[in-house]
Amino acid sequence: MAFEIVTLNHSTYHLQSGANMGVISDGKRAVVVDTGLDDDSGRRIKKALEQIGVRLEAVILTHGHADHFGGTAYLRRSLPPFRVNAPPLEAAFITHPTLEGIMLSAGALPFDQLKGKFTLAPACKVDEELTPGLTSIAGFEVELIPLPGHSPNQMGVRWGDVLFCADAFLPPATLTKYPVPFTVHLGQALESLAKLESLQDLILAPGHGPHLPDPREVIQINRDALWRVIETTNTVLAEGSAEEGAITQAVCQRLGDPLANPAGYYLARTTVQAALVYLYEQGRAQIIAGGRLQWAHT
Ligand SMILES: [Zn+2]
């Protein structure tokens, strides 16, 4: 996986890789935002900090997905002590990573296909749970901005004119490949996009893809992708009631999502479930009983 240290301004860096990481510094000390997928990501962060010439004081984890906190265990083993901060709820997934697999398999203990490194990272103790707003992390005055939707309590981290905005949006190429992007609440994800659009004069540094001085086009592409999931789900329901598995299959087929492996299926299934809940909350879908969980158009 390619790796590049991109300087966003004199004190802020975007470590661009498969999953990006951020470095906030004052020239001597640093806070790292997200730690990537695995030990390799941790190793790259350690090297980048050496190259920049700063000492790690704290880590902020934006959300509890394996590819955003998986490098923390390596950093804990190989650097002097530092504090780890994460939003509540997300912290539970970071402290007990098997929860991700449990969530994906609807509460059952996950089978081996849900225990690969993209869905199960090494556990990591969270020292502090974050609250939104201005806060001091290791002496750095950062602003924590709630960006839920992709995960329940995801938060962005603003430092000066840079906002590390985690997975609030994805690169257009990723959406072309996976048109049913992982989402736990469609309405909240749409609101998070609107919030990002309203923030003027910030450089957005996402969890995947390059930093964006002007994010409007990419935000619109993401908004369109979420609406396509909602409206396709609505169309499938309008054609007749069906159980969730059939709805997931129909939505993913129509949108061209490959569902190439079990993990991909379970991730897409969560998004389709979120679309059903969104339609239900809008009064556009209902659940018929009769011994089956069967969704129908209203
Ligand atoms: Zn994520």
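**Close-up views of the model**

**View 1. Helices H9 and H10 are roughly perpendicular to each other.** The model shown here, and in the views that follow, is a predicted one. H10 covers residues 262-281, and its axis comes within 10 Å of the H9 axis, with a crossing angle of roughly 105°. That angle falls in the 65 to 115 degree range, which is why the pair counts as roughly perpendicular. On the H9 side, look for Glu-244, Ile-247, Thr-248, Val-251 and Cys-252. Their partners on H10 are Ala-268, Arg-269, Val-272, Gln-273 and Leu-276. Sorted by class, this contact has six nonpolar residues, two polar and two charged.

**View 2. Helix H8 is also roughly perpendicular to H10.** Here the axes of the two helices come within 9 Å and cross at roughly 75°. H8 contributes Val-229, Ile-230, Thr-233 and Asn-234 to the contact. From H10 come Thr-271, Val-272, Ala-275, Leu-276, Tyr-278 and Leu-279. Which classes of residue make up this contact of H8 with H10? Seven are nonpolar and three polar, with no charged residues.

**View 3. Helices H8 and H9 pass each other in a right-handed crossing.** H8 runs over residues 216-238 and H9 over residues 244-255; their axes come within 9 Å and cross at roughly 125°. This makes H8 oblique to H9. The H8 side of the contact consists of Arg-228, Val-229, Thr-232, Thr-233 and Val-236. Facing them on H9 are Ile-247, Ala-250, Val-251, Arg-254 and Leu-255. The contact divides into six nonpolar, two polar and two charged residues.

**View 4. Asp-34 has a positive phi, near 65°, in a residue other than glycine.** As a reminder while you inspect the backbone here, most residues other than glycine have a negative phi. Asp-34 is placed in the loop that connects strand S4 (29-33) with helix H1 (39-52). Is Asp-34 buried or exposed? It counts as buried, because 28 C-beta neighbours lie inside 10 Å.

**View 5. Ala-138 likewise has a positive phi, near 50°, in a residue other than glycine.** Its loop lies between two strands, S8 (133-137) and S9 (140-146). Ala-138 has 18 C-beta neighbours inside 10 Å, so it counts as partly exposed. The cut-off for a buried residue is 20 or more.

**View 6. Pro-110 is placed in the loop between helix H5 (98-104) and strand S7 (128-129).** Pro-110 has 19 C-beta neighbours inside 10 Å and therefore counts as partly exposed. Setting aside neighbours within four places in sequence, its contacts are Thr-98, Gly-101, Ile-102, Leu-104, Ser-105 and Lys-115. For a sense of distance, Pro-258 is 148 residues away along the chain, and the two C-alpha atoms are separated by 22 Å.

**View 7. Gln-16 belongs to strand S2, residues 12-16.** Gln-16 is buried, with 20 other C-beta atoms within 10 Å. Which residues does Gln-16 touch, not counting those up to four places away in sequence? They are Glu-4, Val-6 and Pro-210. Leu-99, by comparison, is 83 residues from Gln-16 in sequence and 27 Å from it in space, C-alpha to C-alpha.

**View 8. Zooming back out, the protein comes to ten helices and 15 strands.** The radius of gyration is 19 Å, close to the 19 Å that the globule rule gives for 298 residues, so the protein is as compact as a globular protein of that length. The C-alpha trace spans about 65 × 40 × 35 Å along its principal axes. Of the 298 residues, 45% count as buried. Taking contacts between residues at least 6 apart in sequence, 65% join residues at least 24 apart.

Note on methods: Residues numbered from 1 in each chain as written. Predicted model: local features only at pLDDT ≥ 70, side-chain atom pairs only at ≥ 80, totals over all residues. Axes fitted to C-alpha atoms, helices over the stretch in contact; angles between N-to-C directions. Helix = DSSP H or I, 4+ residues; strand = E, 2+ residues; numbered from the N terminus. Parallel < 35°, antiparallel > 145°, perpendicular 65-115°, else oblique. Left-handed = near helix turned anticlockwise from the far one by under 90°. Contact = placed C-beta atoms within 7 Å. Nonpolar A, V, L, I, M, F, W, Y, C, P; charged D, E, K, R; others polar. Rg over C-alpha atoms; globule rule 2.2 N^0.38 Å. Buried ≥ 20, exposed ≤ 12 C-beta atoms within 10 Å, placed from the backbone.
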